[in-house]
Amino acid sequence: MQNQYNNDNINIERRVKINQMQRNVRRGKERLRWFRCWVRLFMIAALIFAGYKVYKLPQWYLNKNIFSSASNNTLNIVGNNITPTYRIISILRQNPVPQRPIYLFNTSDIEKEIEKLPPIKEVYIQRLWFPARLNIIVVERRPILSISPDPKVPPIAFFAEGGKLIGRDYLPLKNVGKTIIVLTYGTKGDDYRTWDEKKIKKIEMIVHAMEQFSGQPVEYIDMRNPKDIYMKLPSVNVRLGELDYMALSRVRNISAILPQIKTLKKKIKYIDLRWEDAQYIKLEE
């Protein structure tokens, strides 16, 4: 009996110790769980604080003087070969510099305003971070025709793609491809200000055809008399007549006539291409 009593006491003590150990384990797990919660809260608070500090960094905000000129490091304008930079700057100055981070800056309104300038076809504004800056990429209309009243007078206007007439404010043209010089007085009978895209394309097509079949560049096309048009090649004048539906067919005849002028010793006034089935060389009297 004594031994059984001792064994029972031992078992009780063992169970007490086991229960105590289990309570300690549970308490340790509970403390660890709370510790992890506090660590998470601390990390969240730290991230929020760090995010707030990053959000408030001045590198996210545009310089308040960014629109004052294009000679600063935060504004870059490229692609404007025809449009003066100061005209783009003048539009930018009409818009307040945003008091918000650059990634929240909506540039669509500014792009639309810049695209109202006659030579500009499209505008893309890149927002660059750290430091905040703007990169304005300009896509301009391709100049096609330059208008002048006389070969010795600089152009007074030009037509760009889409039939867009652009005035002397954007002249002279620099860093652009060659344009077709068109001589015209802008008279009431054939005022170039009324020309549309179809007319521009027709003139361009005729000039390119003349260059292709003659093998020479066209120096200018004289449309001062729209019913009697001349085209100037380096070697000779070409009388084309009206710019009608047969004009392109008549231009093809130039390739057969040009070799003949090399054999002539007299001064040539012009090559006459006004008729489809009869072309001749007009000599100086």
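**A loop and its surroundings**

Mentor: Let's begin with Phe 130, which is partly exposed, having a relative accessible area of 41%. In this scheme buried means under 20% relative accessible area, exposed means over 50%, and partly exposed is in between (1.4 Å probe, protein chains only). Before we go on, please note that this is a predicted model, in which local features need pLDDT of at least 70, side-chain atom pairs count only at pLDDT 80 or more, and totals for chains, interfaces and linings use all residues. Residues are numbered from 1 along each chain as its sequence is written, and side-chain values use heavy atoms, with hydrogens and water left out.

Phe 130 sits in the loop between strand 2 and strand 3. Helices (H or I, at least four residues) and strands (E, at least two) are DSSP runs, numbered from the N terminus. Look at the backbone here: Phe 130 has a positive phi of about 50°, although it is not a glycine. The peptide bond leading from Phe 130 to Pro 131 is cis, with omega near -5°. Pro 131 belongs to the loop that runs between strand 2 (120-128) and strand 3 (133-140).

Now move along to another loop. Leu 171 and Pro 172 are joined by a cis peptide bond, with omega about 0°. Pro 172 is in the loop between strand 6 (164-166) and strand 7 (180-183). Asn 175 is found in the loop between strand 6 and strand 7, and this residue has a positive phi of about 55° although it is not a glycine. Asn 175 counts as exposed, at 67% relative accessibility.

Contact means heavy atoms within 4.5 Å. Phe 158 is placed in strand 5 (residues 157-160) and counts as buried, at 0% relative accessibility.

Next come the charges. The whole structure holds 14 salt bridges; a salt bridge is a side-chain nitrogen of Lys or Arg within 4 Å of a carboxyl oxygen of Asp or Glu. One of them pairs Lys 121 with Glu 161 (3.7 Å, N to O). This pair links distant parts of the chain, with Lys 121 in strand 2 and Glu 161 in the loop between strand 5 and strand 6, 40 residues apart. Lys 121 is partly exposed at 40% relative accessibility, and Glu 161 is partly exposed with a relative accessible area of 23%.

Arg 224 forms a salt bridge with Asp 150, where the closest N and O atoms are 3.6 Å apart. Since Arg 224 lies in the loop between strand 8 (220-222) and strand 9, and Asp 150 in the loop between strand 4 (143-148) and strand 5, the pair ties together parts that are 74 residues apart in sequence. Arg 224 is partly exposed, at a relative accessible area of 23%, and Asp 150 is partly exposed at 28%. A network of salt bridges links Asp 150, Asp 222 and Arg 224.

Another bridge joins Arg 193 to Asp 191, with the closest N and O atoms 3.2 Å apart. Here Arg 193 is exposed, with a relative accessible area of 52%, whereas Asp 191 counts as buried at 15% relative accessibility.

Let's finish with Glu 111, in helix 3 (residues 108-114). Glu 111 is buried yet has no salt bridge, and the nearest side chain of opposite charge, Arg 127, is 7.9 Å away. For such charges, Lys and Arg count as positive and Asp and Glu as negative, while His and the chain ends are not counted. Not counting residues up to four places away in sequence, Glu 111 touches Val 123, Tyr 124 and Ile 125.
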